[in-house]
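Me: Hi! Could you walk me through this protein in simple words?
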Amino acid sequence: MLANVGLAGSRIALPATAILSAINPSNLKLELTESLVLDDIDNTILKMHSLREIGIRFSMDDFGTGYSSLSSLRKLPLYQLKIDQSFVRDITTDPDDAVIVQTIIAMAMSLGMEVIAEGVETEEQRVFLELHGCHAIQGYLFGRPMPLDEFERLLASTLSTSKQ
C-alpha cells in the first residue's frame, strides 16, 4: 500500500505501512527543491508539518538557486540546507561566492539547521567549508558515481581492511 503525499502540487508515493510500522520515520529525509516547496507555500507548510509530526525530516536541496524569501524559509520545518554546487565551485577563487556560502552557513546555523555543501571537488574547498563551520560535504572529492556492484565491492574491501 502506498501513501500518496502531495507537496506543492507534486505527489510523492510513500509506502505507508513501511513508514508507520517497519521503519523508523526519523530515518527518512525528504529532499525538496525551493521551487517545489514554494509553488503553494501555505499548503506545503501544512503537509510538511504533518509529516514532521511522525518524524520525517526535510532538507532544502540546491539552496540558493531558487527564489525563496527569508520569511518563507523560517516558516518551513526544515532541519537541513544543502548549498548548491554552483556556489561551492568557486569559493576559493571568487570572493562573491565565498561570501554567499559563508552567509548561508551562518544563517543555517543561526536557524538551528544542519548545512551540507554539494559539489565539493577539491581539498581547498573542503578546508574552506570546514573553517567556516560546514562539516558535512558531498562531491567528487570522495568519489564519483559508480554502478551498484562496483560500490558493493569497494565497500566490502574497505570493511575487510578496517577489520584487520
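This is a predicted model: local features need pLDDT of at least 70, side-chain atom pairs count only at pLDDT 80 or more; totals for chains, interfaces and linings use all residues.

Me: Great. Is strand β4 mostly buried or exposed?
Reply: Five of the seven residues in β4, which covers residues 57-63, are buried, so the rest of the structure largely encloses this strand.

Me: And which strands does β4 pair with?
Reply: One is β3 (residues 29-33), joined to β4 by five bridges and running parallel with it. Another is β5 (residues 80-83), which is also parallel to β4 and is linked by three bridges.

Me: Which residue in β4 is the bridge partner of Glu31?
Reply: That is Ser59. For β5, you can look at Leu81, which stands opposite Met60.

Me: Changing topic: where is Gly119?
Reply: Gly119 sits in the loop between β6 (114-117) and α7 (123-131). Its relative accessibility is 14%, and the cut-off for buried is under 20%, so Gly119 counts as buried.

Me: What is Gly119 in contact with, beyond its neighbours within four places in sequence?
Reply: Those contacts are Gln85, Val88, Gln125, Gln138 and Gly139. Asp84 is 35 residues from Gly119 in sequence, yet their C-alpha atoms are 7.5 Å apart in space.

Me: Where does Phe151 lie, and how exposed is it?
Reply: Phe151 is part of helix α8, residues 148-163. With a relative accessible area of 41%, Phe151 is partly exposed.

Notes:
Residues are numbered from 1 along each chain as its sequence is written. Side-chain values use heavy atoms; hydrogens and water are left out. Helices (H or I, at least four residues) and strands (E, at least two) are DSSP runs, numbered from the N terminus. Buried means under 20% relative accessible area, exposed over 50%, partly exposed in between (1.4 Å probe, protein chains only). Two strands pair if DSSP finds at least two bridges between them. Contact means heavy atoms within 4.5 Å.
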